[in-house]
Amino acid sequence: MSDTAAPRGKPPFFSRQNMAYQVYRFKNKPEIIIGVLCLGFLSFVVLVPLLQIVKDAFTFQSYDLAYQRDGEVGAFTLLHFDRVFNQPISKALFVKPLINSLKMGFAVTLIAIFVGSSLAWLMVRTNVHFKGVFGAMLVFPYMMPSWVMALAWLSLFKNDRIGGSEGLLTYLTGVQVPDWVAYGYVPIVFTLAMHYYAYTYLLISGALATVDSELEEAGATCGLGKWKRIRVITMPLLMPALGSAVVLTFIRILGTFGTPALLGLPVRFFTFSTQIYASINARNQGDAYVLALVLIVLAISFIWINSRIIGVRKSYVTMTGKGFRKRESDLGKWRWPATILVILFLCMTVIMPLLLLLWESLTLIPGNYSLSNLTTYFWVGQGNVQLAYGEPGVIHNKGILGALGNSVKLGFMAALFNGALGLLVGYAVVRGRGAKLARWLEGIAFAPYIFPSIALGAIYIGMFSTNIGPVPALYGTFTILVLITVIKNLPFTSRTGIAAMLQIHQSLEETARVQGIGWFRRMFRIIIPLSMSGLVAGMLLTFITAMRELSLIILLISPGNMVLTGVIFGYQEQDMAQHSSAVTLMLVLIIITISVIVRLLSRSAGVGRLSAT
Amino acid sequence: MKQINLSGIVKSYGKEVVVKNLDLTVKPGEFLTILGPSGCGKTTTLRMIAGLEEPDEGLIELGERTVFSRKEGIILPPEMRGLGLIFQSYALWPHMTVAKNITLALKEQRLSKADIAARLANALKLVQLEGYAKRYPSELSGGQQQRVAVARLIALRPSFLLMDEPLSNLDAKLRTEMRASLKRLHRDLEATTVYVTHDQIEALTLSDRIIIMNEGRIMQEGTPFEIYHHPANLFVAEFIGDPGINLFTGTVQGDVLDCGDVSIPLPEALAKRGGKLVAAIRPEKLLVLNTAKSGWQEVKTEILQPTGADTILQVKAGETSMTLLQSGFITLPEGTSLWVSFDPESLSFFDPDSQENLRGELG
């Protein structure tokens with residue numbers, strides 16, 4: 001063992017041999033190469049923008065000259081912070097939106113959790129009727145923009161406050177709806193809760209389905225009563241899911257723009273998201289950046305508090321609503337009443353809003369809901385100077401059709417890039433398990449989760465308004481919409497990618513390696529086909545999200561990259577309710593059609609039937 | 001020359017060293033088994049040969065080629081090593097038919113279509129799976145899946161064959177059958193083979209040579225006969241053999257080893273050595289009579305386990321337990337007296353401190 005030619009030992013670090021070794025080593029591990037590339041890309045599009053707005057928030061900008069003549073552009077300043085936190089304007093700019101956002105966030109989260117978990121319990125653990133239909137309908141809000149309810153609310157309750165027409169209720173009864181019902185806090189909370197319950201429902205029913213009812217039965221054999229079983233066994237097991245549902249809902253509410261804009265702005269009810277939008281429109285980007293930073297800090301502290309309370313750090317369950325039937329308790333005489341309650345609920349949250357929008361889109365003179373006033377003009381009209389500023393109906397409207405093309409393109413491209421990125425991140429994280437690189441990558445892929453949508457949008461204005469090295473200025477381009485959509489959805493798709501990769505046993509790839517099959521062929525012949533079912537589900541989710549998103553991109557759209565949600569918001573701002581209703585309906589129909597087609601296609605292609613062990 | 005050579009291999013995960021300065025040579029065409037308890041470093045060693053793990057230090061040569069040398073700065077990736085590897089899980093690709101599973105790697109080598117078809121047909125024939133080409137792995141039984149994994153290697157014709165516990169997922173009956181088919185694979189390919197297992201029966205029945213590993217070190221290497229009959233140390237003695245070897249610790253008293261309830265005859269060289277010793281004898285080597293005989297040790301039966309052809313007898317001499325293995329289906333009432341004798345030819349002696357076999361000192 002101790003002869004001089006022993007093969008042991010390492011060459012000095014700077015020797016040719018060691019360099020060759022390090023290069024070989026790097027080359028032999030595709031997961032490291034991919035990991036480094038992904039990490040670099042994600043740092044550039046996530047961390048750099050964040051640092052950029054921090055810097056901009058502390059820098060004197062040219063538009064600040066309006067407030068401070070002697071300021072030096074580019075110098076360090078606390079001006080923006082002073083305005084937001086200290087000056088008299090702070091009350092309108094910061095304090096009120098903060099209170100409104102928190103009030104809104106807590107109330108919506110509370111209601112959504114209550115409604116979502118009640119529905120989850122009914123669907124998973126009881127013998128309520130029509131589970132199949134309900135299951136499909138309950139997730140419908142997921143496929144609609146969050147502000148569809150708000151539009152429907154306006155159709156129903158609009159009063160004469162903002163001028164123009166009045167809603168259905170006033171038409172039918174002649175009673176003027178009071179402001180607090182038509183606009184502001186109450187309707188915002190209600191309409192948001194009636195949308196976001198779908199998220200809490202999915203998360204909690206998924207978790208509930210995995211809680212083995214045998215655990216509860218074991219509790220029963222120990223002599224625990226029904227309520228005690230729920231309190232001591234079921235609830236603790238559900239806590240991580242409940243916790244992540246709370247965090248998810250709360251952060252989404254903080255970042256949501258459409259509903260507070262539609263229902264809040266007419267009565268000057270500002271939340272953080274609408275205040276950021278207003279500041280940007282008033283060309284006070286500095287204020288908007290500071291507000292966006294506050295929003296991010298709020299989100300982070302909320303996550304932190306939640307993880308402290310729940311005590312499980314990595315409990316953010318992904319949205320896979322995979323349910324398998326468990327022991328159901330018999331509702332007895334309450335079976336039909338419960339079923340009818342769910343039907344009424346679905347009518348209120350899914351069917352009625354869509355019907356209201358349909359009706360609205362068919363009225364010739366706004367506010368007149370009589371049958372004689374029905375028209376298909378806003379769908380098929382050629383354009384008439386006397387109606388709606390001469391805007392043609394949906395199918396002849398170049399602006400709408402162009403935006404439709406953009407929306408679909410955005411959905412597909414975001415889904416494609418997101419799927420690819422999710423797969424690569426999943427590959428690098430799972431294959432590189434245990435290494436620092438994998439942990440960093442997992443962390444940074446999760447980071448966009450903590451940015452409320454509107455704040456991420458604000459960050460991207462700051463970042464891509466000028467060119468950075470070889471990357472051109474992206475503001476106003478279609479590319480930036482794709483980029484921000486991909487990044488915002490990355491936490492979910494990378495989870496999907498990681499989960500899909502974990503299901504593919506390492507030996508399936510290793511055996512191909514040993515047989516001399518190179519990396520690209522391994523990816524295309526083995527890894528991608530085996531992870532397809534998970535990837536398709538993740539990509540469909542991205543597609544849906546991209547099509548219906550407004551909060552994320554409201555700050556980034558311009559006539560050059562207009563998408564459907566932007567068009568709808570524009571019509572609504574101009575009080576063109578028929579157009580906005582028609583386009584919204586079209587958007588929802590397209591989303592539903594495409595997701596049904598994708599589901600059918602992937603089922604007939606046999607994706608998901610394979611057991612990858 | 002299709003020799004596998006490992007020298008000075010060190011491998012650690014973090015602070016835990018799992019392979020400690022390993023030297024190992026597998027001769028051309030040899031069937032070598034690495035046997036050891038789980039966590040002994042055997043699978044890591046195999047994966048290092050395949051290139052799926054990187055040693056920290058050392059040298060690995062496959063035939064004429066150096067595939068790893070930390071000193072020279074060489075690492076060849078697994079795809080360039082030209083090996084065949086069978087995994088415990090078989091690692092069949094679930095989304096491909098049997099035929100595709102077998103031919104994927106052949107296509108990568110850009111063989112002609114006719115050649116690929118011929119190799120596929122031949123491989124399926126050798127493992128008796130003709131007619132299964134279009135099936136998916138999930139439509140096959142465990143044994144058939146295993147045979148597909150074997151066929152995949154037959155078609156690939158590697159010069160080096162690595163197997164990582166390929167039988168551990170099969171039920172006992174199938175195992176005997178598959179042992180034979182693995183042995184045939186080795187013979188047909190004439191490949192230099194490294195087989196990793198924790199199952200001593202597989203090791204003893206399949207191998208030309210066995211290496212016993214524990215805690216990252218080689219405890220003994222030798223033919224199955226040598227390993228079984230002349231364990232180099234107490235670890236090997238206890239690890240090999242089922243039922244396990246009988247061990248008696250005692251002090252040299254004259255020309256016998258006094259172990260309290262039993263005394264064991266000592267060879268002259270060890271009698272002179274004096275001090276403490278451990279004597280070992282395999283259950284089937286203990287001579288047994290059912291009538292008293294002078295100089296024989298009386299024992300009482302405690303628990304009998306007839307396995308069909310043989311019976312395992314747990315007996316006691318006073319407070320000292322020992323195990324006997326006799327052929328035939330034996331039933332005796334508990335507490336029946338038997339008389340045993342320690343055949344000097346079958347006894348091994350170990351130093352209780354160094355744990356080493358003292359065979360060398362017998363001259």
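Of the 613 residues in chain A, 47% are buried, a residue being buried if 20 or more other C-beta atoms, placed from the backbone, lie within 10 Å of its own. This is a predicted model, in which local features need pLDDT of at least 70 and side-chain atom pairs count only at pLDDT 80 or more, while totals for chains, interfaces and linings use all residues. Residues are numbered from 1 along each chain as its sequence is written, and chains are lettered from A and ligands numbered from 1 in the order in which they are written.

Chain A holds 24 helices and zero strands; these are DSSP runs, H or I of at least four residues for helices and E of at least two for strands, numbered from the N terminus. Its radius of gyration is 27 Å, close to the 25 Å from the globule rule for 613 residues, so chain A is as compact as a globular protein of that length. The radius is taken over C-alpha atoms, and the rule is 2.2 Å times the number of residues to the power 0.38. The C-alpha trace of chain A spans about 105 × 75 × 50 Å along its principal axes.

Now the helix pair. Helix α6 (residues 148-157) of chain A packs against helix α9 (residues 185-210) of chain A at an angle of about 135°, their axes 8 Å apart. Axes are lines fitted to C-alpha atoms over the stretch in contact, and angles run from 0 to 180 degrees between N-to-C directions. A:Met149, A:Ala150 and A:Trp153 of α6(A) meet A:Pro187, A:Thr191, A:Met194 and A:His195 of α9(A), contact requiring C-beta atoms, placed from the backbone, within 7 Å.

How values were computed
A residue is buried if 20 or more other C-beta atoms lie within 10 Å of its own, exposed if 12 or fewer, and partly exposed in between; C-beta atoms are placed from the backbone. Two residues are in contact if their C-beta atoms, placed from the backbone, lie within 7 Å.
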